[in-house]
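Here are a few exercises to work through with the model open beside you. Try each task before you read its solution.

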Amino acid sequence: MRSICLFSLVCCLFNLILLESRVDAAIFSGEIQSISADQQQVVIKTSGGKEKSFTVPASIPITFNGKTAAFDQFKTGQRATVFTDSSGKITRFSVRESLEPKTKPPVERPRKEMKTSQKAAASDASPAGNQGWTQFRGPNRANISTETGLLKDWSQNPPKLLWTARGLGEGYSSVSLSGNLVFTMGTKANEETVFAIDLNTGEIVWSQPNGPIFQNNQGNGPRSTPTVDGNLVYALGANGNLACLSVRDGNLEWSKNILQEFSARNIVWGISESPLIDGDKLICTPGGQGATMVALKKQDGSLIWKSAVPSNPQAGYASPIKIDVGGVEQYVNFTHSGVMGIAAENGTPLWGNDRAANKTANCSAPVFYPEMSSVFYASGYGTGGALLKLSAAQNRVTAQLGFFTPDMKNHHGGMVQIDGYLYGSSDPGVLTCINLRNGETVWQDRSVGKGALTCADGHIYMRSEKGPIALVEVNPKAYVEKGRFDQPQRTGKPAWPHPVVADGKLFLRDQDLLLCYDVRGQ
């Protein structure tokens, strides 16, 4: 027994050393002010006005717009990034041209008059105030698109494929949108990479590396989805590399590794959380000692607060949401041990529950039901789901179990709450509707099988992990399918990225490919 424990300890230490060696300790990024090709010296000025001089060794990787380059081809005015290790030694030098936008600037598109319920959803949109799909699960992370005027029946008129983007490598990232750009993550040249894609053509506008590729027998590459806030986009890689980039050209504003900084270790299948932006805060869940969840300044990544949750639970695979119960704003996320609520103001742990948690992988984001001040969360591996009734008094919040159901074993495909009814795929792959007021299972149907879903214009878009996509009526009385189609050009990996409906389009990510469909029928 002692020899086994010693072996495990050695393996853990080895992994930590390996992680340490693969992660850049510091990054300095800005505009080149002066450059000397002969001596390989460069002076860089950040957007904050700080200048610093570097001598770049010829032996390190030097790239221009992501490709190997010679130092003498660089010039003033370009954007440069210097990567150093913990000792201050330069490990990489990257330069990017300051790109002119290939797309039109973001504009407000005229929309048809929305129903009252849709107006309410739009007014409670993402923290950035964008009614589009600027983050994982869309406005307020409710997984409900504000799009209207979409196709109501696919049986005779299935969606038309508009374009297919290629060259995204590996990974399970979904997409977010801002203006005329679509953002996702993948792999390129041995690094995880953030991509910006032209909304109208599928052309890759820019790409920016974000650390080494996470490798795993369930598939390599990033798992999370970029979050857009104004003119910045935030991306979290599977190895814990968090980057803030310019929306316009992908230039790196700041970067750090949340596992290294907060004394955390990676989880089995890689960090999968999509960062949450709330005002001036960036929220993420490294699962470190005394830092289960942290709030960082979105401008520079510096620490605002860290939350010391009892027992220091390791990160799960879910993404946080923000809710308000009785005037107490809080962030809710699903960790390895259970669901938790954290005070938004200062990071104080408020409540926790593990009834619907498993000890293997908790993946799906919690769902808020504001009419009952309740949170529903669920997991797979034979577990199920639970509704927690929250109450607040004197800045304290209590969570009481409302009900538990074995009929919502939602693995990682996500759920959606509409008018008090919850829709989601329950293992082994049954689309299920549950009444959140009493826990009653209203109906179940095998539909297209196990998969991920989203909601738009009164319909569920159900994507099977094997490929087919069905249009299902939002109906708390019965399963009503309005058509389906098979995704072409399927890869050999499960279709796990969540579908997204935005700008009258349906986006389906499948490893190296991103397919864009017209669901407005224009």
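**Exercise 1: a loop glutamine**

Find where Gln-78 sits and decide whether Gln-78 is buried or exposed.

Solution. Start with the location: Gln-78 belongs to the loop between β5 (67-68) and β6 (79-84), where strands are DSSP runs of E with at least two residues, numbered from the N terminus. Next, check accessibility: Gln-78 has 2% relative accessibility and counts as buried, because buried means under 20% relative accessible area with a 1.4 Å probe, protein chains only. Finally, look at the side chain: one of its polar atoms lies 3.0 Å from the backbone nitrogen of Lys-75.

A note on the ground rules: this is a predicted model, where local features need pLDDT of at least 70, side-chain atom pairs count only at pLDDT 80 or more, and totals for chains, interfaces and linings use all residues. Residues are numbered from 1 along each chain as its sequence is written, and side-chain values use heavy atoms, with hydrogens and water left out.

**Exercise 2: a loop leucine**

Work out which residues Leu-168 touches.

Solution. First locate Leu-168, in the loop between β9 (160-165) and β10 (176-178). Its relative accessible area is 0%, so Leu-168 is buried. Then list contacts (heavy atoms within 4.5 Å), leaving out residues up to four places away in sequence: the partners include Thr-184, Phe-195, Ile-204, Arg-509 and Gln-511. For Gln-511, the C-alpha distance to Leu-168 is 6.8 Å, although 343 residues separate them in sequence.

Conventions: Helices (H or I, at least four residues) and strands (E, at least two) are DSSP runs, numbered from the N terminus. Buried means under 20% relative accessible area, exposed over 50%, partly exposed in between (1.4 Å probe, protein chains only). A polar contact is a pair of N or O atoms within 3.5 Å; within protein, one must be able to donate a hydrogen and the other to accept it, and residues adjacent in sequence count only if both atoms are side-chain atoms.
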